[in-house]
Amino acid sequence: MDILNALVAFLNFVFIPAAAYGAQLALGALGVTLIYGILRFSNFAHGDTMAFGTAITILTTWGLQSLGISLGVLPTALLALPVGIAATALLVLGTDRVVYRFYRAQKAAPIIFVMASVGVMFIMNGLTRLIIGVDDQRFDDGARFIINVRDFREWTGLAEGLALRSTQVLTLVVTAIVCGALFWFLNRTKKGKAMRAYSDNEDLALLSGIDPERVVRMTWIIAAALITIAGVLYGLDKSFRPFNYFQLLLPIFAAAIVGGLGSPLGAIAGGFLVAFSEVAVTYPWVKVAGYLAPGWQPDGLLQLLGTEYKFAVSFVILIVVLLFRPTGLFRGKSV
Amino acid sequence: MKKLLLATAAGALLAGAASAEEIKLGMSLGFTGPLESMAPGMASGAELAMKEVSDSGLLLDGSTVVPVQGDSTCIDAAAATATVERLITAEGVKGIVGGMCSGEAIASLQNVAVPNGVVMISPSATSPALSTIEDNGLFFRTSPSDARQGEVMADIMIEKGIKNAAVTYTNNDYGKGLADAFAAAFQEKGGTVTVNSAHDDGKADYSAEVAALAAAGGDALVVAGYVDQGGSGVVRAALDTGAFDTFVFPDGMVGQALVDNFGSEIDGSFGQNPAAEGEGREKFLEMAKAAGFDGTSAYSAEAYDAAALMLLSMAAAKSSDPNVWKNSVMDVANEPGEKILPGELAKGLEILNGGGDIDYVGASSIEMVGAGETAGVYREVAIENGELAVIGYR
């Protein structure tokens with residue numbers, strides 16, 4: 001029984017939250033890695049693009065809700081998602097046209113792209129706040145729980161409860177579908193192969209008749225889809241506030257770099273690695289330890305770092321990886 | 001040039017001393033920020049008192065009182081300081097109802113109000129740190145120190161048989177002051193605080209904070225936070241993960257927003273906030289209703305009293321100069337004298353104009369102690385069937 005209790009506490013407070021958070025980071029990191037691999041720069045505007053896409057999705061969701069349209073147990077935001085993706089795609093294509101294309105034509109160094117993207121970040125930052133404001137917005141509807149703590153305790157008679165929110169399951173399912181579709185696209189379709197070819201060797205790709213502008217457009221559209229889905233899932237599962245999305249930039253970049261920039265598989269692994277590290281390092285293990293080793297009553301909480309230092313975990317991972325394995329776990333491009 | 005300055009200064013003095021004038025009273029309240037849902041009720045309370053005095057025409061030979069609102073943001077000390085600076089230097093206010101939150105109140109008091117010699121009476125800044133602050137007699141509050149609230153909260157919990165509790169507080173002067181005061185009082189009464197940890201406002205997700213609180217355990221979770229901010233986030237995460245069923249809510253959490261957010265999910269939880277019972281309060285509630293706002297909104301009555309105290313003190317000192325009337329505040333608030341309830345400000349002014357003494361009771365049973373703060377009556381509330389129910393007063 002005690003082992004079961006320990007397992008349930010671990011699932012409830014560590015595994016499930018970290019898995020959902022990891023999936024959200026993975027989707028974000030996939031977008032970063034795609035842009036890095038093909039357009040060859042680190043897009044600092046990523047977090048704020050996520051906020052923009054989510055804001056549009058939220059507004060559409062409210063519109064649908066006021067019309068009385070809903071998806072039953074699923075959140076209405078899923079219906080609004082295509083609108084959000086389309087708006088985000090238009091926004092990033094417009095940005096590319098106005099900002100990045102100019103530097104591409106000049107064959108500017110990557111650092112110039114990065115700095116330009118910082119400027120874009122500030123503009124999108126303001127744009128999102130103009131559209132939806134700075135406050136917390138909640139837009140989740142439908143069933144809230146798949147497994148409810150009280151019900152779980154009654155069914156099992158365990159002391160520990162287990163909660164499984166529908167948004168957590170939704171996050172994992174959607175992430176799996178999106179990743180599957182992305183890998184199929186990159187590996188099996190002609191366009192995907194063209195993108196990979198362009199990423200591997202730009203000149204060679206040009207020689208074999210691949211239209212670079214088309215590849216760039218394709219990349220932005222896919223990135224916009226990944227960005228918006230990641231943002232909406234994060235907002236559904238937690239809450240939407242533009243500033244928090246800006247802050248997500250750090251763990252997302254940590255995830256992409258740990259996995260190896262330019263490597264989609266690495267981005268996914270990196271997302272989960274960062275999320276699990278953040279949660280595991282700041283979780284006090286005293287309760288789990290108490291179940292596993294009865295009679296042992298430690299004085300402290302067995303917590304490595306206070307929860308205030310959650311963000312520091314991303315920093316540490318980033319530094320360690322850059323020091324010892326700059327290409328990341330999956331041998332991406334070095335930064 | 002010198003003469004001109006002297007003449008203007010003399011003119012200003014004369015104007016201050018005699019004849020009717022337009023007295024501006026500032027309000028530095030958090031109209032945006034973590035307590036934004038409480039600020040409008042407080043502003044309405046203060047404005048109600050100002051209107052009452054203006055309409056009576058009895059203050060300093062028929063002076064009128066004009067409210068000037070300023071946004072203190074509650075959390076941004078720099079913004080609050082700028083607001084108070086504007087109220088004092090640009091608007092020329094003779095007193096300020098505010099600040100709303102402790103950290104912001106301390107900053108604006110020390111940086112602007114004290115150097116400029118303007119009185120601040122806060123309806124809601126409750127940090128124990130404000131009791132001992134160097135204020136040149138310019139700071140008062142119509143709410144009690146959190147040292148007292150900590151004791152009241154500990155008493156209620158011990159009576160309910162809660163012997164150990166986890167505490168989480170919003171990471172600022174208010175939260176830390178209250179959490180520490182509570183922890184000390186609770187331990188003294190034989191309770192155990194399993195963990196006393198901070199949470200930051202404005203995060204998307206509090207599951208990590210709640211995981212830490214849950215690991216430490218306890219019969220109840222004390223949430224010394226803000227209802228429009230992290231406090232509600234922590235409660236949401238704790239309910240979702242089933243970490244705690246019973247919550248204890250101090251003043252920053254007790255509000256309509258709490259039951260709007262959680263409804264019957266937090267049935268069985270309880271809390272307290274400063275609010276007096278009695279005739280004064282009943283009267284204030286009636287007046288608020290007539291004026292079209294909800295007088296039970298947290299600190300609304302205290303804001304009324306803050307504004308009323310300022311104006312009565314001016315009448316007692318026969319001057320609108322803050323450095324003069326600051327000395328009358330304690331006299332007006334305490335015995336001896338005729339007891340003055342809300343709605344009776346005109347009567348109070350009349351007595352004061354005639355050279356008599358009053359004991360302002362007001363909407364929140366004002367009785368100033370120590371360094372100019374009220375002794376404090378707390379309203380004990382419980383959440384029953386998704387509604388805030390008043391259990392009693394202590």
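I started where α10(B) ends: B:Gly292 follows it, with a positive phi near 90°. Helices here are DSSP runs of H or I, at least four residues, and strands are E runs of at least two, numbered from the N terminus.

Housekeeping: this is a predicted model, where local features need pLDDT of at least 70, side-chain atom pairs count only at pLDDT 80 or more, and totals for chains, interfaces and linings use all residues. Residues are numbered from 1 along each chain as its sequence is written, and chains are lettered from A and ligands numbered from 1 in the order in which they are written.

Which residues of α10(B) are buried? I found B:Gly280, B:Arg281, B:Phe284 and B:Ala288; buried means 20 or more other C-beta atoms within 10 Å of a residue's own, exposed 12 or fewer, with C-beta atoms placed from the backbone. They sit on the same side of α10(B) because their arc around the axis is only 90°, going by directions from the helix axis to the C-beta atoms. On the face turned away I noted exposed B:Lys289 and B:Ala290. The cover over the buried residues includes α2 (39-56) and α11 (300-317) of chain B, contact being C-beta atoms, placed from the backbone, within 7 Å.

Stepping back, I got 14 helices and 16 strands for chain B. Buried residues are 59% of its 394.

Last, the neighbour: the contact takes 18 residues from chain B and 24 residues from chain A. On the chain B side, α7(B) gives the most, with eight residues.

Technical notes: Contact = placed C-beta atoms within 7 Å.
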